[in-house]
Amino acid sequence: MSTTVFINAMELSEYAYENLPGGQGAFDTTLVFASKLPETDKIVVLAGPDFSQEGDYKIIRPAGSDMKDLVSVFIDESGDCENIFYFYGDTPLLDLTITERMYKNHLQYFASYTFADGYPYGMAPEILKTSVFNQLKTLSEKNQIKISRLSIFELIQKDINSYDIETEISSIDQRMLRVSLSADTKRNYNQLFQIIEKLPADGKVSEESLVNILEKKQELLRTEPSFINVQITGGCPQTCSYCPYPGIGGDIISRTDEMTIDQWKMILAKVKTFSDDAVFSISMWGEPSLHSNIFGIVEELLKIEKFRLIVETSGVGWDQGVLKSIAEISNGRIEWILSLDAQNPDSYKELRGDGWEEANTTALYLHELFQENLYIQSVRMENQEEYLEKFYRSWKEKGFNVIIQKHDHFCGVLPDLRVTDLSPVKRFPCWHIKRDLNILIDGTVPMCREDLKEEFVLGNIFTDELDLIWNNGSGHYLDHLSGDYPEICRECDEYYTYNF
């Protein structure tokens, strides 16, 4: 019995080739791992157009980026092998002991597909029996799924009862840490570097040593921000009843202040140097449509290749010509969230104010321009519960994505209108302090969006270096790790929610 190892190197970042502690890069480390796998017959590297590494392996460039293209390569290259191993070429902490255990169970229980669950991503490969490839090919031709780190399981889920699946379950469930042990971004590379530095002196990777580090050294998991939340305008066309901004922003209906393009470019430049694949929101407070050069704001961000943008909007104040121009340059890197909240004009006016017809018109136009990248949103709260299902069904029937957002009372500043308490039984450190950076229109960086009174200011993006600002938040995160929460955090119901 023999196996073929497939290593996905189709879209490896430059960080996959940067040296890690011990001297090797992530890609070279995965090659060593591949050579040690049981009954390995050959190693196949799935390469993209820019891949230029040479070694003792076969290079195959799939015909496309869909799962049907990947399965076709599996069929063509697995030969007479009965099973294959599959993993990405930027995951240097793959564990041989876990993998050998998985492979033993895969054979013993005649599994079609074996994977690990409860571990951080990058600790174990996936194992597939070659006899299911033709079945997977048919499935992949019916379901257009892009190749991704989770796409094999995503494909199998389409007809999950047709496969015998074996799961290797971690003794400690670490999914809530949302750790990816991959060198695919600067953030994850730096995280990997720090984790590997904490491994035993012999550098040996083991389930016990990694789990121990991730459980007891969680300060290593706060590297660079992944979500940048920015206020670009002071004004808003509505004073929503469940939003604190009318209470802290003054006469927001009349405000015309905005962030300048030069200030925006400064923010983009600083973030690019520090966190090169960040997701931006331009909707921290205020309405983005009111910015006098909103096209320029979007255009400048999209000039930076790895940045993505989220625009959360009321749908009021947009010029359709501007929206069309934005769509023409978006290249799939912009997502829209349009907050409607209500199912009829009367409820809308009570919740949000004027603008019902305009918001609905904008929703239809955005859907025409952006399709799956548009989400219609409603906040779940008291007095709205009976309308929520109608709202959801109505928009889903029209082909729209729908988000039902939990109510946020902003640490007790607003009345608590939650329908149910979704908070975990056991408290854990705040996701937002760990991964978000919030920037007000004057450049002030509060600890988080909930810090309405600016009690915990980390610095100013226009005058301070970004690494200094970010490091100023480390103390708050360490306090959370030790279970020491300031009053604002004790009252918060957002710590377990996350953006990116």
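Colleague: What stands opposite Lys406 in E13?
Modeller: Arg380 is opposite Lys406 there, and the two strands concerned, E12 (residues 374–380) and E13, pair in the parallel sense over six bridges. Two strands count as paired if DSSP finds at least two bridges between them, and helices (H or I, at least four residues) and strands (E, at least two) are DSSP runs numbered from the N terminus. Please keep in mind that this is a predicted model, in which local features need pLDDT of at least 70 and side-chain atom pairs count only at pLDDT 80 or more, whereas totals for chains, interfaces and linings use all residues. Residues are numbered from 1 along each chain as its sequence is written, and side-chain values use heavy atoms, with hydrogens and water left out.

Colleague: How many bridges join E8 to E14?
Modeller: Four bridges join strand E8 (residues 227–230) to E14, and the two run parallel; Asn229 stands opposite Asn438 in E14.

Colleague: Are the residues on the two faces of E14 buried or exposed?
Modeller: Asp436 and Asn438 on one side and Leu437 and Ile439 on the other are all buried, where buried means under 20% relative accessible area, exposed over 50% and partly exposed in between, with a 1.4 Å probe and protein chains only.

Colleague: Changing topic, how many cavities of 30 Å³ or more does a search of the whole structure find?
Modeller: The search finds one, and the largest cavity has a volume of about 40 Å³. A cavity is a set of points on a 1 Å grid over the protein atoms alone where a 1.4 Å probe fits but cannot get out, and lining residues have an atom within 4 Å of a point. Grid points are joined across faces, edges and corners, and the volume is the space filled by probe spheres set on the points.

Colleague: Which element gives the largest share of its lining?
Modeller: E14 does, with three residues, and the lining as a whole includes Asp436, Leu437, Asn438 and Trp470.

Colleague: One more: where is Leu96?
Modeller: Leu96 is in helix H3 (residues 96–108), and Leu96 is partly exposed, with a relative accessible area of 25%. Leaving aside neighbours within four places in sequence, Leu96 is in contact with Phe33, Lys36 and Leu37.

Colleague: What about the open sheet with mixed pairing?
Modeller: That sheet has seven strands in the order E3-E2-E1-E4-E6-E5-E7. Strand E5 (residues 113–117) and strand E6 (residues 126–129) pair in the antiparallel sense over two bridges, with Thr114 opposite Ile127 in E6.

Key
1 Å grid on protein atoms, 1.4 Å probe; cavity = no way out; pocket = protein on both sides within 12 Å on 5 of 7 lines; lining within 4 Å. Contact = heavy atoms within 4.5 Å.
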